Amino acid sequence: MILIIDFGSQTTHLISRRLRELGAKSIIIEPEEALKKINHSSCKGIILSGGPGSVYQKDDPTIDKKIFDVGIPVLGICYGQQLIAQLLGGEVIPGKRKEYGPAELKIIKPSTLLLSTPETFSVWMSHGDEVVTLPLGFEISAKTLTIPCAAIACEKRKIYGVQFHPEVIHTQFGEQILKNFLTICNISIKKQTIDQEFVNNLIADIKDSIKDGIAISALSGGVDSSISSLLVHKAIGKNLTSIYIDSGLMRLNETASLRKTFKEHYHMNVKIVNAKNIFLKNLKGVTDPERKRKIIGKTFIQVFEKEAKKVGAKYFIQGTIYPDVIESGASRSPSEALAKGDAGKHSQKIKSHHNVGGLPKNMKLTLVEPLRAFYKDEVRIIGNVLNLPEEINLRQPFPGPGLAIRIIGEVTEKKLKILKKADAIISQEIEKEKLTNKLWQAFAVFTGIKTTGVRGDNRVYGETIAIRVIDAKDAMSAHWARLPYDLIDKISTRIVNEVREVNRVVYDITNKPPATMEWE
Ligand code: XMP
């Protein structure tokens, strides 16, 4: 197995997932446990993860350099590469130019780690510091336009470093590089798949943990909550009541289409609760994004608890998926289908995803999260196995806190109305071009910025809507989508013509990182 030492990167768990896909076992551990674990386990390779720290800062995490002497291959990623350089006698400094997002890698001297990759390819970066002097015995394997040491190697000691993130889907040949490392570690590669048997086991696990208990599920109409509800429905049948809370923060016509799909098509036991007023009341005057998320999470749970009492439920099913867990800096529960360790104490909290961060400590229901161990694309494979129709399975994700985190500033009924109309126009135009399923997300943001315009010779002072369209394979990294100009133009023209309050439309051209997909 591979030991992944976590220095707090948002993508540490992605490393473990990629290894799992290649059939290799791994565990994620804290730096302090490393030496003990290496000596007491069947460890065949060590990966040092990335992290938000700087290796030259006294209080930032480090590792006992004896790990380099035990004769086990080591791969350092980002912060991990910098640690290798610093601990073995090289030098790391704050970079003059920081790199976030794509960079072109150029191989200078091919190492075993970079076998079967072309001379140049695109990699994903997220760093401010850089290695400037190599330790003795190391050579530079590749550079980028910005940094000279983008990949380093000491073949004799089987120690390798890369400044970029091979685990991120946007790094070309990332899988090849991880395969190469497994080969260096003498681990054979066997790709794993999510198939009928895998899903049957998942359903059997749910049945085992709920038995004859009564459960409610939180159904939002999104992929995650639909598939988790469906899995539980298959496990316990009519003992599940799926509750859809109409918070008023949903997209246009969301409630009607959900009713049609789940009640009429799937004959599931769905209860629709109108809670618009209580959400708006609790959000009154609130502008801070984290407070909004917490309030929404809390309100959801309060409404659920009330409904659960009516049904006599003991279990609460949520569609939390793994990136929600990581970005909230929370831990995985040990009972998960695929236990992969903890989110780690060195990682930083980016956002409180309401599914995780807002849960009250004294919640009276037992939480069941069937998808907590999976990434979005894995969830969709489960959906395929369950024969979920494409229009749901390939649906774009929609955040739990809904449109509230797409309205900058206070959430009001008036702003919601404007945003819903603009958002529907984006969805319609994207769908007309048959792009919906090809994009991760396409939505409108109410920016809260008023600007001057002119309409029929009159001066107007109106709202600005931002269009956010994202190309991604998982929630961890993303490109802004290169929509055709004519399509952007059509969307913009329709918004300013059909939504009277809006007189300016802008297009968001930021990748993740450094921006997140949602504006709040
Ligand atoms: P960010 O903005 O973190 O979004 O780059 C990544 C993906 O997660 C969705 N998202 C959420 N989903 N609860 C959710 O269920 C949340 O609080 C939440 N915040 C963001 C977002 O829409 C994107 O697809």
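Modeller: First, a term we'll need: contact means heavy atoms within 4.5 Å of each other. Of the contacts in the protein chain between residues at least 6 apart in sequence, 76% join residues at least 24 apart.

Colleague: Fine. What kind of model is this, and how are its residues numbered?

Modeller: It's a predicted model, in which local features need pLDDT of at least 70 and side-chain atom pairs count only at pLDDT 80 or more, while totals for chains, interfaces and linings use all residues. Residues are numbered from 1 along each chain as its sequence is written, and side-chain values use heavy atoms, with hydrogens and water left out.

Colleague: Why is M125 called buried?

Modeller: Buried means under 20% relative accessible area, exposed means over 50%, and partly exposed is in between, with a 1.4 Å probe and protein chains only. M125 has 0% relative accessibility, so it counts as buried. In the protein chain, 58% of the 520 residues are in that class.

Colleague: Where is M125 found, and what does M125 touch?

Modeller: M125 belongs to strand β6, residues 120–133. Leaving out residues up to four places away in sequence, its partners include E99, Y100, T144, I147, F164 and P513.

Colleague: What joins P513 to K512?

Modeller: A cis peptide bond, with omega about -15°. P513 and P514 are joined by a cis peptide bond too, with omega about 10°. P513 is in the segment after β18 (502–507), and P514 is in the segment after β18 as well. For background, most peptide bonds are trans.

Colleague: What makes helix α3 largely enclosed by the rest of the structure?

Modeller: Eight of the nine residues of α3 (79–87) are buried, so the helix is largely enclosed. Among the buried ones are Y79, Q81, L83, I84 and L87. Their cover includes β3 (45–48), β4 (74–77), β5 (91–107) and β6. After α3 comes G89, with a positive phi near 105°.

Colleague: Why does N186 count as exposed?

Modeller: N186 has 64% relative accessibility, which puts it over the exposed cut-off. N186 is in the loop between α4 (174–184) and α5, and its phi is positive, about 65°, although it is not a glycine. Most residues other than glycine have a negative phi.

Colleague: How do you know whether N253 and R251 are buried or exposed?

Modeller: N253 has a relative accessible area of 60%, so it is exposed. R251 has 17%, so it is buried. N253 is in the loop between β11 (240–246) and α7 (254–265), and R251 is found in the loop between β11 and α7 too. R251 touches R395, Q396, F398, L403 and D423, not counting residues up to four places away in sequence.

Colleague: Why is α5 called roughly perpendicular to α6?

Modeller: Axes are lines fitted to C-alpha atoms, for helices over the stretch in contact, and angles run from 0 to 180 degrees between N-to-C directions. The axes of α5 (196–210) and α6 (223–236) come within 9 Å and cross at roughly 65°. That makes α5 roughly perpendicular to α6, the class for 65 to 115 degrees; under 35 is roughly parallel, over 145 roughly antiparallel, and the rest oblique.

Colleague: Which residues of α5 and α6 meet?

Modeller: V199, L202, I203, I206, K207 and I210 in α5 meet L231, V232, K234, A235 and I236 in α6. They divide into nine nonpolar, no polar and two charged. Here Ala, Val, Leu, Ile, Met, Phe, Trp, Tyr, Cys and Pro count as nonpolar, Asp, Glu, Lys and Arg as charged, and the others, Gly among them, as polar.

Key. Helix = DSSP H or I, 4+ residues; strand = E, 2+ residues; numbered from the N terminus.
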